[in-house]
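Subject: Structure handover

Hello,

Here is the structure I said I would pass on.

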Amino acid sequence: YLKISKLALAFAIIRAKPPGKSCKEYTEHLARTVSEQDLGWKSKVAVLEAEVLRLRQELLLNKICPRFHLESGKPDDSAEALLDQECRNPMTSSSQLEDSGCDVSNDYGFDSLGVASDFHQPEHNVDTSKRWLERIPPLNLCCASKEGSLTAPVQFLQRLLEIKKLSEGGILQADFSELENDSFTICDSVSQLLDGLTVFYNSPKFSVSNFLTEAVSVLISLITDTKLSNHVLKKCFKKLEEFKKNLIQIILRNRSVNRFQALHAVSQTLVSLGRNHILKNSLISLLLSEVRQFAEQLLQGHQVQAMYDITHYENIFPLCMILEQLLQNETADSDVSSSDYDGEEKSKFLKNLDQIILHLSDEFPLFSLYLWRVNVLLNSGQIQ
């Protein structure tokens, strides 16, 4: 049937071909016409899907807290206000990475090998919280920028976190059992947020901005909240795992000259994700796998005196630093067990590690030192 259909289509194109055009040219013209129509419909469908999600978000928030109302306004602390600030004054609110990339500044609250200070939710007084709940700007569904793709989920999740904070303070009555009845809305919102962040980090001209920091802050607050994180992890665990893998690959594959500030920002996001012990265990396993595979490849190349990729070598160090910090936190936190990653991946990493360090220590002393420090942390956890 497929062969007959293709043959019939070929005859139809040949017979309908206008004079002066070849069959190939006419076929390409028809393909472009159909493709343009598909793109038009897809854009319309995307706008409608965004509107449906926004209405579902509004309905869910009203079910959780009946006092919640969407009204036109312009609160000072909204994601859209941050986005407007970015558009009006981009040079002061974002790092353009115009230097050589060798200097990692602390202008945006990033501490070396620490959690970004701006990733914490800001404290608001009661009056500000009430204004935030009562006056929420309409979502800009037609914005084609990367920021526009993040505005809607950031706003929704901000409201959810704020309602929870106010309910814990006794200011509002909220029923968070509704999250169980409408898991699709929060799952779609978190997925949209993760996809938007991935687009940001994949951008060749990636820069750390206030809006991006706010988006990451919302994500970290959500997964570290004792009540809301259960709903998120239950429905979005696979999406979060995919997000972590994407961030790791973004670090490894980045070949830009001015990449070090960008890699530092991505690294801090991964460290912040590790503040959730469930995500931490799987993240440690992923990092152990990547570092082990690189060490084995480096050893094989060193033994046959083959050339190695210096960029890949440089990019492996952020992963080593993330792994070391997560293991240090794991060892220091006596309440969290490391048994979840004490399995196959840890055994693979420790197998022949001493021999790898011995053979690489002369040529690659810094990398060997990191391998040794990770080895000590893994063994110290086992001793404890």
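Helix H11 covers residues 260–273 and has 14 residues. At 1.5 Å a residue the helix should span 20 Å, and its end C-alpha atoms are 20 Å apart, so the two values agree. The expected span is 1.5 Å times one less than the number of residues in the helix. Helices here are DSSP runs of H or I with at least four residues, strands are runs of E with at least two, and both are numbered from the N terminus. In H11, 13 of the 14 residues are buried, so the helix is largely enclosed by the rest of the structure. Buried means under 20% relative accessible area, exposed means over 50%, and partly exposed is in between (1.4 Å probe, protein chains only).

This is a predicted model, in which local features need pLDDT of at least 70 and side-chain atom pairs count only at pLDDT 80 or more, while totals for chains, interfaces and linings use all residues. Residues are numbered from 1 along each chain as its sequence is written, and side-chain values use heavy atoms, with hydrogens and water left out.

The whole chain

The chain has 16 helices and zero strands. Of its 384 residues, 46% are buried. The chain exposes about 20,300 Å², and carbon and sulfur atoms supply 54% of that area. Accessible areas come from the Shrake-Rupley method with a 1.4 Å probe; for residues, only the protein chains shown count as cover. Among contacts with a separation of 6 or more, 79% join residues 24 or more positions apart. Contact means heavy atoms within 4.5 Å.

Confidence

The predictor's confidence in each residue is its pLDDT, from 0 to 100. The chain averages 78, and 74% of the residues score at least 70. By helix, the mean is lowest in H4 (residues 90–93), at 44, and highest in H15, at 93. Over residues 90–144 the pLDDT stays under 50, and the model has 128 contacts beyond four places in sequence for this stretch. Residues 335–339 are also below 50, with five contacts beyond near neighbours in sequence. Where pLDDT is low, the predicted coordinates should not be read in detail.

The core

The largest nonpolar core has 84 residues, and Leu197, Tyr201 and Phe367 touch the most other members. Domain 1 (146–275) and domain 2 (277–332 + 339–383) both give residues to this core, so it lies between them. A nonpolar core is a set of buried Ala, Val, Leu, Ile, Met, Phe, Trp, Tyr and Cys residues joined through side-chain atoms within 4.5 Å, and the domain bounds come from an automatic or database domain assignment. In soluble globular proteins, nonpolar side chains tend to be buried together.

Leaving aside neighbours within four places in sequence, Phe367 is in contact with residues including Val291, Leu298, Tyr313, Phe317 and Leu360. Phe317 lies in helix H13 and is buried, at 11% relative accessibility. Phe317 and Tyr370 are 53 residues apart along the chain, and their C-alpha atoms are separated by 8.4 Å.

Other residues to look at

Is Lys244 buried or exposed? At 1% relative accessibility, Lys244 counts as buried. Lys244 is in helix H10 (residues 228–253). Beyond four places in sequence, its contacts are Leu270, Leu273, Leu279, Ser282, Leu283 and Leu286.

Lys348 is in helix H14 (residues 344–350) and counts as partly exposed, at 35% relative accessibility. Lys348 and Gln293 are 55 residues apart in sequence, with 9.7 Å between their C-alpha atoms.

Gln305 is not a glycine, yet has a positive phi of about 60°. Gln305 lies in the loop between helix H12 (277–303) and helix H13 (310–332), and at 65% relative accessibility it counts as exposed. Asn352 has a positive phi of about 60° and is not a glycine either. Asn352 is in the loop between H14 and helix H15 (353–360).

Ser361 is in the loop between H15 and helix H16 (365–383). Ser361 is partly exposed, with a relative accessible area of 28%.

Regards
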